[in-house]
Amino acid sequence: MSKKQWIILAGALLAVGGIGMTLVLALVFSFFAGHEAATGNSLGLPFYTTAQSASAHAGYLHNSLTGGGEVYVNDYEEACLQLTLTEPQTVIGLLGSINLAKVGAIPGQPVTAYVMADCGSEMPAYVPYRNIKQPPFDWRTATFRQMTARQQYNYGPLITTTNAALMTEVVRLLRDGTPVELNPFPFSGATNLTTLTLTCDQLPGLLFCPALCYYGNGTIYLAESLMLDSSVTPPQVHARWIPASPMLTEWLKSP
């Protein structure tokens, strides 16, 4: 039982005294055993723990996930990655003790490379974690086979391309482009921010998703990923914004 469960048990024993102790023990252990069965602990899955600290990269957080004899991280290198699934199909572990969250395998990825875990929001929301033994994904040298984007923020039509030259152009811009300063955007409610979504056979189950900004003056910018500034109220996001090239702009604005 967890520390919280033991506290509940101790309180119950103090309340009834010696005569009812045996009955209380039976009832409490029965309750927690039933709870553990209902939450899936009876499956014998390992428990994972998470921790958060400052990242070596400004604007990012270092999140660690430990369990099953392995250690995983979600940091700057994983901020540009998104999962192809919203829920794990194969659960490999559990987070928490009362309200259990899931740790899952990613289709196509060995659990010694990447896993997915609930990030602890009000609703289940999963993010990728990279095993510390696995090198970070190098988008600079990857070969992408498909790219999608939303036109006109998140409300426009979804467009898709398999144009290798265009995807190479996106990588070139992110790698070699000259960044510009843009005013920060609110962490929530910004309607002019979306992502490019690039698919790569070298990264099964995951997508490379650089940030995309449709700026007010009609210029389009992209960035490897967004950075969070939580020192202000409300929190804001900023990025290493790079102006889109004419080739990328034409595709994003094409009918």
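This is a predicted model: local features need pLDDT of at least 70, side-chain atom pairs count only at pLDDT 80 or more; totals for chains, interfaces and linings use all residues.
Leaving aside residues up to four places away in sequence, threonine 148 touches Leu158, Ile159 and Thr160, together with Thr195, Leu196, Thr197 and Trp251.

Trp251 belongs to helix α4, residues 246-253, in which Leu248, Trp251 and Leu252 are buried. Viewed down the axis of α4, its buried residues fall within an arc of 95°, so they line one face of the helix. An α-helix has 3.6 residues a turn, so residues three or four places apart point the same way. On the other side of α4, the exposed residues are Pro246, Glu250 and Lys253. The buried residues of α4 pack against helix α3 (164-176) and against the strands β9 (144-150), β10 (158-161), β12 (193-200), β14 (211-214) and β15 (220-223).

Strand β7, residues 114-118, is largely enclosed by the rest of the structure, because 5 of its 5 residues are buried. In a regular strand the side chains alternate between the two faces of the sheet. In β7, Tyr114, Met116 and Asp118 point one way, whereas Val115 and Ala117 point the other way, and all are buried. Strand β6 (residues 101-105) runs antiparallel to β7 and is joined to it by 3 bridges, with alanine 105 having valine 115 as its bridge partner in β7. Strand β8 (residues 126-131) is also antiparallel to β7, and 5 bridges join the two; here alanine 117 stands opposite valine 127 of β8.

Valine 127 also figures in the largest pocket, which holds about 1,200 Å³ of space and is lined by 41 residues, of which Asn74, Ala79, Val127, Phe187 and Leu226 lie nearest its centre. At least two lining residues are supplied by each of β1 (47-54), β2 (61-67), β4 (81-83), β8, β12 and β16 (227-229), and β8 gives the most, with 4 residues. The lining of the largest pocket divides into 24 nonpolar, 13 polar and 4 charged residues.

The second largest pocket contains about 200 Å³ of space. Its lining is formed by Tyr60, Tyr76, Trp139, Arg140, Leu174, Arg175, Ala223, Glu224, Ser225, Met227, Arg240 and Ile242, which divide into 7 nonpolar, 1 polar and 4 charged residues.

Conventions
Residues are numbered from 1 along each chain as its sequence is written. Side-chain values use heavy atoms; hydrogens and water are left out. Buried means under 20% relative accessible area, exposed over 50%, partly exposed in between (1.4 Å probe, protein chains only). Two strands pair if DSSP finds at least two bridges between them. The arc is that of the directions from the helix axis to the C-beta atoms. Contact means heavy atoms within 4.5 Å. On a 1 Å grid over the protein atoms alone, a cavity is a set of points where a 1.4 Å probe fits but cannot get out, and a pocket is an open set with protein on both sides within 12 Å along at least five of seven lines; lining residues have an atom within 4 Å of a point. Grid points are joined across faces, edges and corners, and a volume is the space filled by probe spheres set on the points. Ala, Val, Leu, Ile, Met, Phe, Trp, Tyr, Cys and Pro count as nonpolar, Asp, Glu, Lys and Arg as charged, and the others, Gly among them, as polar.
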